[in-house]
Amino acid sequence: MNSTDTPDLDARTDPFVVAGRTLSSRLILGTGGATSLATLESALRVSGTELTTVAIRHFSAAGSGNVYELLNRNNVLALPNTAGCFTARDAVLTAQLAREALETSWIKLEVIADEHTLLPDPLELYSATEQLVADGFEVFAYTNDDPALAGRLQDAGVSAIMPAGSPIGSGLGILNPHNISTIVSRATVPVILDAGVGTASDAALAMELGCDAVLLASAVTRAHNAPLMAAAMRDGVKAGRAAYLAGRIPRRDTALASSPSEGMMQTLVGEF
Amino acid sequence: MTSISITVNSQPVQIDAGLTLREFISSHIGKDLDSESKAVDGSKLGLAAALDGVVVPRSSWNTRTLKDGQSIEIVTAAQGG
């Protein structure tokens with residue numbers, strides 16, 4: 001087999017288009033949890049990501065480094081989030097501040113129900129979505145793995161649906177692959193698996209289920225070796241995407257021999 | 001000069017009366033800002049401000065004079081998500 005028989009997936013052959021922009025990487029890396037900006041920068045570079053999430057917090061003159069400058073010098077787009085918001089009102093204000101501060105209309109909308117699970121509050125999430133879409137935002141909605149809610153968010157005009165695989169920071173992977181598949185099968189906007197990824201096989205599974213991209217933070221930033229895990233995630237996402245496009249074989253209840261039965265040596269025939 | 005009391009990122013602060021939001025933020029962050037509130041040194045500020053819970057666009061910082069009792073939130077990007 002020569003090289004032309006093994007297609008490479010890249011932005012040209014398999015573009016990831018979200019909110020009208022083409023990205024070359026289907027891995028979106030969050031910046032939360034990194035032990036230092038130097039470690040974060042190294043992980044970002046290795047991951048190949050073009051888009052990364054940031055939180056919006058009080059400015060401090062004594063702040064330790066500037067994550068915004070770090071992203072700018074590495075040509076990584078910032079996707080601000082509304083992490084920490086429990087109400088639509090707070091999330092809308094945070095989004096408006098983010099748009100002003102970072103000069104982007106993209107917002108990862110998180111409206112959390114409680115501190116213990118960090119799962120989205122569906123009612124506040126939907127309310128905030130309606131307000132932000134009307135205000136011209138490109139809303140990336142962090143949502144539960146509920147196909148019905150995902151459908152409602154899509155109808156409300158979100159730019160991407162971001163279902164949780166499992167609770168934020170839990171590393172439990174994708175607890176309900178069937179729901180993620182259902183969301184994907186009904187989506188007309190990109191589906192980005194968000195939250196719960198623990199290791200590279202989780203990221204690969206998300207892509208094999210048909211997700212358009214994966215967003216993860218803790219799995220890399222809290223790994224023992226963050227840059228090495230960033231490389232693993234980069235490759236896991238690529239492998240999962242390729243497998244999805246290649247088309248997996250159907251699952252069977254019984255074995256199916258891959259070697260032919262014709263031409264078997266006579267003495268062995270009948271022994272099986 | 002008369003001073004007024006405001007709240008900046010949840011902390012009480014005394015400032016001179018008559019300062020605009022642009023003048024206050026310029027001194028708070030230690031950067032010179034032009035009349036459009038862009039950094040004179042050409043760097044991206046990466047900041048936003050809200051006055052009493054309402055976002056004030058950067059282009060309006062120069063026209064908003066701070067009043068006694070007002071609350072300012074100044075925010076920027078931080079690691080997260």
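How many helices and strands are there in chain B? Chain B has one helix and five strands, and the legends below refer to a predicted model.

Figure 1. The elements of chain B follow one another along the sequence as β-β-α-β-β-β. The C-alpha atoms occupy a box of roughly 35 × 30 × 20 Å along the principal axes. The radius of gyration of chain B is 13 Å, which agrees with the value near 12 Å that a compact globule of 81 residues would have. Buried residues account for 43% of the 81 residues in this chain. Of the contacts in chain B between residues at least 6 apart in sequence, 45% join residues at least 24 apart.

**Figure 2. Surface and charge of chain B.** Chain B has an accessible surface of about 4,000 Å², and carbon and sulfur atoms contribute 47% of this area. The chain carries 7 positive and 9 negative side chains, with the centres of the two sets 8 Å apart.

**Figure 3. Architecture of chain A.** The C-alpha trace spans about 85 × 40 × 35 Å along its principal axes. Of its 272 residues, 47% are classed as buried. Among contacts in chain A with a sequence separation of 6 or more, 65% are between residues 24 or more positions apart.

**Figure 4. Salt bridge between Arg73(A) and Glu41(A), with Asn74(A).** The closest N and O atoms of Arg73(A) and Glu41(A) are 3.1 Å apart. This pair links distant parts of the chain, as Arg73(A) belongs to helix α2 and Glu41(A) to helix α1 (residues 37-47), 32 residues apart. Arg73(A) is exposed, with a relative accessible area of 52%, whereas Glu41(A) is buried at 12%. Asn74(A) is situated in the loop between α2 (67-73) and β5 (77-80) of chain A. Asn74(A) counts as buried because its relative accessible area, 19%, falls under the 20% cut-off. Beyond its neighbours within four places in sequence, Asn74(A) contacts Glu41(A) and Arg45(A).

**Figure 5. Salt bridge between Arg58(B) and Glu103(A).** The two side chains meet with an N to O distance of 3.6 Å. The pair crosses between chains: Arg58(B) lies in the loop between β4 (54-56) and β5 (71-79) of chain B, and Glu103(A) in the loop between α3 (88-102) and β6 (106-109) of chain A. Arg58(B) is buried, with a relative accessible area of 10%, while Glu103(A) is exposed at 53%.

**Figure 6. Salt bridge between Lys108(A) and Glu110(A).** An N to O distance of 3.2 Å defines the salt bridge between these side chains. Lys108(A) is buried, its relative accessible area being 4%. Glu110(A) is likewise buried, with a relative accessibility of 5%.

**Figure 7. Salt-bridge network in chain A.** Asp14(A), Arg26(A) and Arg241(A) are joined by a network of salt bridges. Over all chains, the structure contains ten salt bridges.

Key
Residues numbered from 1 in each chain as written. Chains lettered and ligands numbered in written order. Predicted model: local features only at pLDDT ≥ 70, side-chain atom pairs only at ≥ 80, totals over all residues. Heavy atoms only, no water. Helix = DSSP H or I, 4+ residues; strand = E, 2+ residues; numbered from the N terminus. Rg over C-alpha atoms; globule rule 2.2 N^0.38 Å. Buried < 20%, exposed > 50% of the residue type's maximum accessible area, 1.4 Å probe, protein only. Contact = heavy atoms within 4.5 Å. Areas by Shrake-Rupley, 256 points an atom, 1.4 Å probe, with all protein chains shown as cover. Lys, Arg positive; Asp, Glu negative; His and termini not counted. Charge placed at Lys NZ, Arg CZ, Asp CG, Glu CD. Salt bridge = Lys/Arg side-chain N within 4 Å of Asp/Glu carboxyl O.
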